[in-house]
Amino acid sequence: MTKVLGFILVMNALLCCGHAEGTNLTIDPNWSTFHPGERVTFICDMNEGKDTDWEYEIKKNGEQFLRSNPYKSFTLLPIQIDHSDEYQCCGLRKSSGDTKCSDTVSLTVTAQPRATLTAGPTTIPVGGSVTLSCYLPPTGGWKYKWFRKTKNTPEVQLTDEENRDINVAQGGIYRCLGMRGNDNYQSLVSDEVSITISFSNEVVVTRQPNWPHIFSGESITLTCEVRGGETTEWTCEWRRDGKPVKVGNNKHLTVSVNESSSEEYMCQCRRRDDWFSVTKWSEKIPVSVSDAVLTIDPNWSTFHPGDRVTFICDMNEGKDTDWEYEIKKNGEQFLRSNPYKSFTLLPIQIDHSDEYQCCGLRKSSGDTKCSDTVSLTVTAQPKATLTAGPTTIPVGGSVTLSCYLPPTGGWKYKWFRKTKNTPEVQLTDEENRDINVAQAGIYRCLGMRGNENYHSLVSDEVSITISFSNKVVVTRQPNRPQMFSGESITLTCEVRGGETTEWTCEWRRDGKPVKVGNNKHLTVSVNESSSEEYMCQCRLRDDWYSVTKWSEKIPVSVSGAILTIDPNWSTFHSGERVTFICDMNEGNDTDWEYEIKKKGEQFLHYNPHKSFTLLPIQIDHSGEYQCCGHRKISGDTKCSDTVSLTVTAQPKPTLTAGPTIIPVGGNVTLSCSLPSAGWKYKWYRKTKNTPEVQLTDEENRDINVAQAGIYRCLGMRGNENYQSLVSDEVSITISFSNKVFVTRQPNRPQMFSGESITLTCEVRGGETTEWTYEWRRDGTTVKVGNDKHLTVSVNESSSEEYMCQCRLRDDWHSETKWSEKIPVSVSVSTPVSSSSDVLMIIGPVGGILLVLLLLLLWYYRRSKDLRCRGWKLLKISCGVNNGFNKNDTDESSSPLHGDDHIYELVNFSDSSGNVADKPRDATYSLIELKNFGKESIPNEPVEGAVYYRLESGMKGRGRPGAKEEAVYSEINSGPENNNTI
């Protein structure tokens, strides 16, 4: 009986109390991390009844954070770092006093973050760009502000930039920060990053005087030159041994040297109006002081016969007149002592190559000191080498010509051009080693240097030809692949698209020139041995170096009987016409009767007509054909070689496109492919809203289109304009680069059954454009229309992904990309409506049954003379007793014992009141009482517990002085007390 009672108590408690599934605490915005100063809203949803049925409480780390109130949402503003913790919301139902709580939700608050600005290279070339990235921890919701300043301008915001990554092409100092939320909370601003634009111009330092060594007390002027930037205003920076010594608008630096001077100088320049547009550093230039020095002027590595060279001897001590000077060659006297410190050798010869040294004799003391040796190298007069990339360039193109001479120093260049009809002239405005030319002609070059303008040998000629892209074809009249002995054929050189241009045409037979002239025709008389190939090429009459490509080779040969097919196509199709032409190549056509055979069998019997037209042809006409001639006067017969006729079904063209989706402003090439030859093409286009129309100005196989739409094509050929089948459709779509994203209202990651959510399709940057919206759920289209909203009602089985795409209303084939997928799912919870109805029925019924069972228990206990002592807590347990009786009250022998429990042994007595023999199985009740006072209930119910008031009805029984009182039994359903019923 006790076991049954315990089970019923537990079941009734569970049915009446329910559980906390479905209670949700959400944080808005749903970011992983917050920062001091931001706001966060706690939203507590009981998922049962109405919001007004409950009072709400927020707990932090298990302690009350916000006391009970009627509002399900609470905004914390501003949040602080010490708000980081685990939060839970609990709801108290006003009508029943029931309480249920959500799972805990973590709130993380960290210090205000600082944006990190990174760049790929910080120096970019002119016309280049670099991507800047503004990094903040990926906690969600960040947009970005970008700022730029220069040395001369204040910092301004880049108003059109909110992305994390931006692409910049301007030099300057950049910073960024992040912002998010409705209050536009801002991060700390990033450190500065300087972007510099680097010019490719070479920077060189020149020196005046140009000596490798300077003497103590002298000065040298260094000049910073930007090659190709002579007209630009620069600010130049000078460094000596790596340390800045001067920054200013003067490109010169004057250096005074002393005996200890031995330094290296370099320079760099910036645009005066843009501090962040800068050149590279020049090479280092040494400036040092020495004793006796022999220098060669000019300072070239190599000389050539006819050049001049000056030896300059400096003692670096006293006055020049204090010394007499001597030049030595390979240790032997070359120039005897004289009072002149410089000596010019003109003209130099190859045998002057050697090691030279100068020595000085001090007149006053007779002391002598000598310089280090200096090498003089003299080689033969060099010949310039002229090179070009391609020597044939397209119309409108250009090519770079390079004039190469050994890098011995000091060279300038002369360039010359001539044509077949014009004499050679110098290009007066060109002195560079490399020049870019767009004119055809014959080019040469040479180098010159020195005060006497010493010249190199002139280069070999290089011919530059301009090639037209026009196709050149040879036509033949009559148009037969073979000719008969004694006949003539006229070949014509045609330049497609160049019909109005005056050409000079060159003919070649078997690769050898046979004719050059202004007549594009070539008449060829053939004989029995003729079997040759002809091709042609054309040049502009007024520009011999503007030329077409060569045509394909055209064979011209002689044979006996010949069967030809007209038109000369490799394949025919059902419904076309074909003409067989039989030529005996002997006598007159009327001397013969003609027969056509197919696969060796007679197809057309003898008749006087050498040609026969088959119309319309069918697929079964395919085969090998032969013609035979029967000479009327002699009865002789001769036959041609066989000719294949291939007939296939009416063809269907294949319409192909590169990409079928093109960006705004882009285009794509469509190709209509058909087998065999002779086709022209018809093109058609339609859209969703317009009928199909022919593109009247298009007959080519390939066309280039920039309009979206649905395209088809077909081919046509022959005099009857035989047509192929029409191709399948190909849709060309124009794709916008605007990003498409989906927003949700309410913005919760999960929904409950029966609720609705509204999804909105947004086109970033396209807010003012009229769109048609397409929605897809799990890849299947669910809605197409002009309303960008989609309202979704969810049920228990809902777990779907939605995405959208937009098209221009007035152009169905101009569309955006698809948005990312947005999940919409239902929270796992116990349905409130059904469970609460069941509990409302089962709860009272269970309570009535409980009261009845308690009455039965009380009656049973009374009849068995069961007595209870003062109780403190009720817990029901069953055990086995072997010999325990009322006298055995020792605590150690009690089956259940403890400080907070009272145990009562239930004895069985007979009608006389005597105690009966002990039963084999005794039942013990562990009773744990909570005394809440007479006629009272607990003031603060424990969460998840159900209390029942038990009336004992045993007045006058029990311990002496015992008071009549109500007993409340706490029945815990949670997992904390697994041994409690």
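Trainee: What should I know about the model and the numbering?
Mentor: This is a predicted model, in which local features need pLDDT of at least 70, side-chain atom pairs count only at pLDDT 80 or more, and totals for chains, interfaces and linings use all residues. Residues are numbered from 1 along each chain as its sequence is written, and side-chain values use heavy atoms, with hydrogens and water left out.

Trainee: How many aromatic pairs are there?
Mentor: The count comes to 18 aromatic pairs. Rings of Phe, Tyr and Trp (its six-membered ring) pair if their centres lie within 6.5 Å; planes under 30 degrees apart count as stacked, over 60 as edge-to-face and the rest as tilted. One of the pairs is Phe42 with Tyr87, which is tilted, at 4.9 Å centre to centre and 35° between the planes.

Trainee: Which strands do Phe42 and Tyr87 lie in?
Mentor: Phe42 lies in strand S2 (residues 40-45) and Tyr87 in strand S6 (residues 85-93), so the pair ties together parts that are 45 residues apart in sequence. Strands here are DSSP runs (E, at least two residues), and helices are likewise DSSP runs (H or I, at least four), numbered from the N terminus.

Trainee: Are Phe42 and Tyr87 buried or exposed?
Mentor: Phe42 is buried, and Tyr87 is buried as well. Buried means under 20% relative accessible area, exposed over 50%, and partly exposed in between (1.4 Å probe, protein chains only). Ring pairs also link Phe42 and Tyr87 with Phe65 and Phe74 into a cluster.

Trainee: Where does Arg180 place its charged end?
Mentor: The charged end of Arg180 sits over the ring of Trp31, 3.7 Å from the ring centre. The criterion is that NZ of Lys or CZ of Arg is within 6 Å of the ring centre and within 35 degrees of the ring normal. Arg449 likewise has its charged end over the ring of Phe303, 5.9 Å from the centre.

Trainee: Turning to the loops, where is Thr33?
Mentor: Thr33 is in the loop between strand S1 (24-28) and S2. With 14% relative accessibility, Thr33 counts as buried.

Trainee: Which residues is Thr33 in contact with?
Mentor: Leaving aside neighbours within four places in sequence, Thr33 is in contact (heavy atoms within 4.5 Å) with Thr108, Thr110, Thr139 and Arg180.

Trainee: And where is Lys251?
Mentor: Lys251 is in the loop between strand S21 (243-248) and strand S22 (252-256), and is partly exposed, with a relative accessible area of 33%. Not counting residues up to four places away in sequence, Lys251 touches several residues, among them Cys224, Glu225 and Trp238. Between the C-alpha atoms of Lys251 and Glu225 the separation is 7.5 Å, although these residues are 26 residues apart along the chain.

Trainee: Now the sheets: what is the order of the open sheet of 3 strands?
Mentor: The order is S43-S45-S48, with antiparallel pairing; two strands pair if DSSP finds at least two bridges between them. Strand S43 (472-477) and strand S48 (521-525) stand at the edges with a single partner strand each, so one side of each is left without a neighbour in the sheet.

Trainee: How many bridges pair S45 and S48?
Mentor: Strand S45 (residues 488-495) pairs with S48 over 5 bridges, and Leu491 stands opposite Leu522 in S48.
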